[in-house]
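Hello,

Here is the structure I promised to pass on to you. Please open it alongside this message, and take your time looking around before reading on.

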Amino acid sequence: MRSITVPTAILLAFSMSFTPPTVSERSDAIGSTKDLPEALRKALEPGVDFEAIPTPQPGDWLAVHRETGQSFDRFAKSNPNRPSKTRRKIYLQPLGQFPDGQVPLVVTLKEYAGAYFAMDVEVLPRLALSGDKITTRTNPYTKNRQILTGDVLAILRKNLPEDAFCLLAITMEDLYPEPSWNFVFGQALLRGRVGVYSFARYDPAFYGAKRGSDYEKILLRRSGKVLVHETAHMFGLLHCIYFRCVVNGSNHLKESDSRPLHLCPVCLRKLQYSIEFDVIDRYRHLFRFYQKVGFDNDAQWIANRLTHILGTEAAQAIIRQETIH
Ligand SMILES: [Zn+2]
Ligand SMILES: [Zn+2]
């Protein structure tokens with residue numbers, strides 16, 4: 001069992017130089033699409049809906065982490081885990097306390113993951129922190145309680161359901177991956193099918209700020225984004241360095257907030273190869289979900305993309321069908 005871990009945030013003192021890929025390098029990363037069905041081929045055209053990855057600012061992920069990139073071909077050759085008849089479900093494992101009002105968050109995230117990955121998603125009964133062998137510490141700087149990711153991952157490995165493609169713990173507790181680290185947003189084993197991620201730092205209250213009226217929407221957007229990002233790692237996707245994409249690494253909250261919710265063509269191709277979903281059906285379900293939760297810009301992005309893939313008339317027909325009045 002290879003045990004490659006993919007931390008989502010770390011503070012390092014050295015600096016990397018990263019040059020954004022050129023148009024042709026991005027196209028090479030998508031790979032040849034000429035033998036694919038037309039809808040999929042169109043869905044993988046960059047068009048105007050995807051932005052190139054920008055030059056990183058000091059402190060950004062790519063300014064401090066060396067990432068060589070994972071083209072679609074490199075991904076396919078890596079023999080990643082793929083859903084099978086027996087291992088076909090995504091499981092979510094709530095860990096520790098969720099304050100009142102946040103149970104709906106778990107239900108909504110289940111629905112989101114189902115639409116995003118076009119797979120069955122199941123929520124396991126909440127796992128209490130007490131009584132389990134989970135190491136905790138008080139962060140020396142922020143003085144908040146943190147739990148050790150390795151202990152959580154070990155428990156998840158033991159509890160992995162037989163039909164699980166992957167099992168992801170979600171928690172409001174803050175996390176750390178080892179004593180020398182300040183914190184981590186999440187951590188996943190690329191081949192071990194398990195991961196854990198925390199919403200703690202997505203809550204303004206963590207930083208002592210007041211929760212605004214749009215707090216629930218912000219928390220849903222941030223936690224949905226990290227859910228999708230960490231689950232993508234479960235499929236063997238490495239961080240994306242080609243476009244602005246949900247699979248981009250992120251070093252701090254501002255960078256994480258600036259990431260879009262969508263998959264770029266390189267990462268979309270990887271997940272479609274793995275799950276074999278119908279790209280149009282997937283966008284249809286996501287469009288419906290984004291409208292329902294009030295993510296209007298994301299719903300508009302999907303409408304634009306459907307127009308690129310299907311043409312105006314066919315896209316409008318879907319949008320009319322799926323629009324909530
Ligand atoms: Zn990551
Ligand atoms: Zn990407």
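Predicted model: local features only at pLDDT ≥ 70, side-chain atom pairs only at ≥ 80, totals over all residues.

**The zinc sites**

Begin with the zinc ion (ligand 1). Which residues hold it? H229, H233 and H239 coordinate this ion, each through its NE2 atom, at 2.1 Å. Along the chain, these donors follow the spacing H-x3-H-x5-H. H229 belongs to helix α7 (residues 215–234), while H239 sits in the loop between α7 and α8 (253–258), so the pair ties together parts that are 10 residues apart in sequence. Both H229 and H239 are buried.

Now turn to the zinc ion (ligand 2). Its donors are the SG atoms of C240, C245, C264 and C267, at 2.3 to 2.4 Å. The angles among the four donor atoms run from 102 to 116°, and the site is tetrahedral. In sequence, the donors are spaced as C-x4-C-x18-C-x2-C. Are C240 and C245 of this site buried or exposed? C240 has 2% relative accessibility, and because buried means under 20%, C240 counts as buried. C245, at 0% relative accessibility, counts as buried too.

**Strand β5 and its partners**

Next, find strand β5 (residues 164–171). Eight of its eight residues are buried, so β5 is largely enclosed by the rest of the structure. Strand β1 (residues 89–95) runs parallel to β5, and seven bridges join the two.

**The three-stranded sheet**

Finally, there is an open sheet of three strands in the order β3-β4-β6, with mixed pairing. β3 (136–138) and β6 (174–176) stand at the edges with a single partner strand each, so one side of each is left without a neighbour in the sheet. On average, neighbouring strands of this sheet are turned by 40° against each other, direction ignored. β3 and strand β4 (residues 145–148) run antiparallel and are joined by three bridges; R137 stands opposite Q146 in β4. Helix α6 (residues 149–159) packs on this sheet, where it touches β4 and β6. The direction of α6 makes about 50° with that of β4.

Technical notes: Residues numbered from 1 in each chain as written. Chains lettered and ligands numbered in written order. Heavy atoms only, no water. Buried < 20%, exposed > 50% of the residue type's maximum accessible area, 1.4 Å probe, protein only. Helix = DSSP H or I, 4+ residues; strand = E, 2+ residues; numbered from the N terminus. Pairing = 2+ DSSP bridges. Donors = N, O, S within 2.8 Å, 3.2 Å for Na, K, Ca; no water. Axes fitted to C-alpha atoms, helices over the stretch in contact; angles between N-to-C directions. Contact = heavy atoms within 4.5 Å. Tetrahedral: all angles 85-135°; square planar, octahedral: opposite > 155°, others 65-115°.
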